[in-house]
Amino acid sequence: MTLDRLAARVRALPPIVADLLVVAVVGAFTTADAAVNEPGYRQADALTWALLVVSLSALVCRRRWPVPVVCVTGAACAGWALHGHIGELLNLPVIVALYTVAVLGDRRRTLWTGAIAATVSGLVALKVGRDVVNPQGLPVLEMVWPLVPLLLGEVVRTRRELLAEYAARAARAEEDREREAARRVRQERVRVAREIHDILAHTVSAMTVQAGVALDALDAAPEVSRQAMTQVRASGKEAVRELRATLSVLRAAESTAPAPRLDQLDELVAGVEAGGVRVSLRRDTGDAALPAVVEATAYRIVQEALTNVVKHSAARHAAVSVTCDDGRLTVEVVDEGPPAGQPAAPDSERGFGLIGMRERAVAVGGDVRHGPVPGGGFRVRAELPTEAGPPTEGASP
C-alpha cells in the first residue's frame, strides 16, 4: 500500500516535474558510479562527464521523443564502455529510456527496439569483452539486460490498458443500466397514466354532465337536481374505490406472499445463525395488537440490520430487541463489532441499507437512529408508533 500511494503521488505530479525527479534520481546513482571507476581501468575524465550530461539531458525529453532518447542514452552508454569506463550503474539512463519506449508505445515498437538494443549491446560487449574480467558469456548477458526494462514496460502498459478497458466496460454498463432504468420509468409513467385515464376519464366526464344537469334543474326541478347530485356522489365513490384498487396494485410487491410479521423473527434469526453469527432475540410486545404495516416495517428493519452485521461488521454476536411500551414499538439491533485483530469494518453509511430503514420508519410515522457503540460495535434503534401514521412525502413505504 505504501508503494501504491507513492506511485499515485508521483503520477499526480505534472509531467515535467516527474521527469526532472526521475532525472535527479538517475543522475545521483549514475554520477556516483561514473566518479569512481574500477581499479586498473580508465578513470573519469572530460569525455565521461560530457556523456553523462548528454545522457541526463536527453532523459528529460523521454516522454516526447522516447526512441531518440533511447538512441542518445544508448550511444552514451556504449561510449563509456568503448572509452574503457566500467560501471554497474552507467546503463541506468538507457534502462529508463527503454522502459519509457515500452510503456508509452506498442508491442511492435517494443519488439523492434528490443532487437536493435540487444544487437548493439552484444556488439559492444564483443568489442570490449577482452578487457573485462571473465569475458566468457559476456555478450549473451549484455544482449539480455536491455530486454528487462522493455519487458517491464510492456507489462505495465498492458496492465494499464486492461484497467482502462475494464473502466470503460464498467462505464458502458452503467450507462446501459441508466438508459434501461430511464426506459422503465418512462414505460411505468405511461402505464400509470393509462390506468388512471381508464378509471377517471369516463367517470369524471359523466360527473361533469350530471353536475351540469343538476345546476340547470336546481330551481325548476329540484327533484331532478337531487337525483343528478346523488348520481354524482355515487360516481365519485366508485372512482375513489377504483383508484384505491389501482394504487394497491401499483404499490404491491413483486411477491404475492403476505407481509412479514414479528412472529417470523425466529425464522429470520435461525437463518442468520446458520451463517455463523449468534443472535440473541428478545421479543416482548405483550398483548398489543400491532398494525400489519408496523410489524412488516419492524421485521424489515431487523432483517436489514442483521444483513449489515453479516456483510459489514464481521461480528460474531448480535442482540435483537423488540419491545412495545407507551404506544411505541422499539426495535434495537446491536452487534459487538469484529473480533480483536480483524480489520475495521467498512463505513456503515455507505450503501442504501440504512437509508431504506429510515424511509420505512418515516413511512409509518417513526424514526431510526444508528451509530457506533462505545467500546466497539454498531447499534440500530428504531421507534415506531403502534398506530401507523401517514407516510411522509417523498418516503418509500
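Analyst: Here it is; note that this is a predicted model. To begin, Arg-226 has a relative accessible area of 48%, so the residue is partly exposed.

User: Which residue does Arg-226 form a salt bridge with?
Analyst: Glu-223, and the closest N and O atoms of the two are 2.6 Å apart.

User: Is Glu-223 exposed or partly exposed?
Analyst: Glu-223 is partly exposed, at 46% relative accessibility.

User: How are Glu-223 and Arg-226 placed in helix α9?
Analyst: They are 3 residues apart in helix α9 (residues 222-251), which means about one helical turn separates them.

User: Which residues are joined into one network?
Analyst: Arg-328, Glu-332, Arg-369, Arg-379, Arg-381 and Glu-383, through salt bridges that share partners.

User: How many salt bridges does the count come to?
Analyst: The count is 17 salt bridges.

User: Switching to helix α8. What separates Arg-184 and Glu-180 there?
Analyst: About one helical turn, because they sit 4 residues apart in helix α8 (residues 147-216).

User: What about Glu-165, what is its salt-bridge partner?
Analyst: Arg-172, with the closest N and O atoms 3.5 Å apart. Glu-165 is partly exposed, with a relative accessible area of 32%, and Arg-172 is partly exposed as well, at 41%.

How values were computed
Residues numbered from 1 in each chain as written. Predicted model: local features only at pLDDT ≥ 70, side-chain atom pairs only at ≥ 80, totals over all residues. Heavy atoms only, no water. Salt bridge = Lys/Arg side-chain N within 4 Å of Asp/Glu carboxyl O. Buried < 20%, exposed > 50% of the residue type's maximum accessible area, 1.4 Å probe, protein only. Helix = DSSP H or I, 4+ residues; strand = E, 2+ residues; numbered from the N terminus.
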